[in-house]
Amino acid sequence: MPLVGSVGCPCPGPPLKLAGRAHRRPPPRTIAPKCDISSPPPLLTRRAVSAATLLLLTAIPFPAPSPQLSVASASETEAEVGGGEAGTPVLELERYTDKDQGFTLLKPASWPKVEKAGATALFQQEGKGKNNIGVVVNPVRLSSLTDFGTPQFVADRLLQAEKKKESTKSAEVISTGERSGHDGLTVYEIEYSLDSTRGGMKRIFTAAFVASRKLYLLNVAYSDTEEKPLDKQTRLVLEEVLHSFDTV
C-alpha cells in the first residue's frame, strides 16, 4: 500500500561562488535522513481497518427465502416468546457468552451453533440455515469505532462492498444508529435490505463495536420476501438480538 503523504528530506545548499580561478573546496554534503516507514500514518491505519471491516461484514452467510417463524416479544435473558398468531411456535432466547473473545448476545435457544470458516460464532435456524446469527472478531489498530467514522459512513462503505458482488441485485440502507454498551462502549447498529441471486430478498441487522483493539461484528440475517415479508413479531426478536450484542 503506498504511503499517504511524504516525509521532507533536506536538499543540498546553494551552489558555491567562484572567485577568479581559485576554487573553494565544497563543504561536506549533508546526508538526508532515512524516511521512517516503521510507523504508518493514521490514514493508512484507517484504510487497513476499512478493508478488514468490509471483508468481515460480508464473511457471514446471508439468509435465503424460507418460511418465517412468528413470535411476539423478547426479554433480556432466557426469554420465552409467544402469544402471537394462533398455532405459531414458542421461541425462547438464551444468552450466549464467549469469555475468551469477550462478547455476549441473545440467540434463539433452538438455533444450534455450527462451524463456519471465517466466523467466530454462527447460529442457524434448524432446517433453514440461511436464517442465522453470526459474529466475527478481528484485531484492529483502532481504540474506538468512532475513530473509523460515523454510523452512516460505515453503512455507506458496507453497501459499497455489497453492490460490488456479482450476486447482488440491490441493497438499501433502512436505518443507522448508535447506542452505549457496557461501560459506555460505543456500538453502531445498521439495518439494510439486500436482494441477491443467492437467496432473494433479505433483511440484515448489523452491530459493531471496538474493544481491547478488537473489532466485533454481528450479523442477524432473515428472509424478507414479497411473498412472506418480515412480520412485526419476528422483527422484535431480531432487534432484541441486535441490541443484546455487547462486550463482557
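Modeller: Let me begin with Glu-239, which is partly exposed at a relative accessible area of 21%; buried would mean under 20% relative accessible area, exposed over 50%, and partly exposed is in between, using a 1.4 Å probe and protein chains only. Please keep in mind that this is a predicted model, in which local features need pLDDT of at least 70 and side-chain atom pairs count only at pLDDT 80 or more, while totals for chains, interfaces and linings use all residues. Residues are numbered from 1 along each chain as its sequence is written, and side-chain values use heavy atoms, with hydrogens and water left out.

Colleague: OK, and which side chain does Glu-239 meet in a salt bridge?

Modeller: Its partner is Arg-235, at 2.9 Å from N to O, where a salt bridge means a side-chain nitrogen of Lys or Arg within 4 Å of a carboxyl oxygen of Asp or Glu. Both residues lie in helix H3, four residues apart, which is about one turn of the helix; helices (H or I, at least four residues) and strands (E, at least two) are DSSP runs numbered from the N terminus.

Colleague: What else does Arg-235 bridge to?

Modeller: The side chain of Arg-235 also meets Glu-191 in a salt bridge, at 2.7 Å from N to O. That pair links distant parts of the chain, since Glu-191 is in strand E7 and Arg-235 in helix H3 (residues 232-244), 44 residues apart.

Colleague: Is Glu-191 buried or exposed?

Modeller: Glu-191 counts as buried, at 5% relative accessibility, whereas Arg-235 counts as partly exposed, at 25%. Glu-191, Arg-235 and Glu-239 belong to a network of salt bridges that also includes Arg-203 and Asp-224.

Colleague: How many salt bridges are there in the whole structure?

Modeller: The search finds eight. One of the salt bridges joins Asp-195 and Lys-169, with the closest N and O atoms 4.0 Å apart. Asp-195 lies in strand E7 (residues 186-196) and Lys-169 in strand E6 (residues 168-180), so this pair ties together parts that are 26 residues apart in sequence.

Colleague: Switching to strands, how do E4 and E5 run?

Modeller: Strand E4 (residues 121-125) and strand E5 (residues 128-139) run antiparallel and are joined by five bridges; two strands pair if DSSP finds at least two bridges between them. They form a hairpin with two residues between them, and Gly-127 in the turn has a positive phi of about 80°.

Colleague: And which residue in E5 is opposite Leu-122?

Modeller: That is Gly-134.
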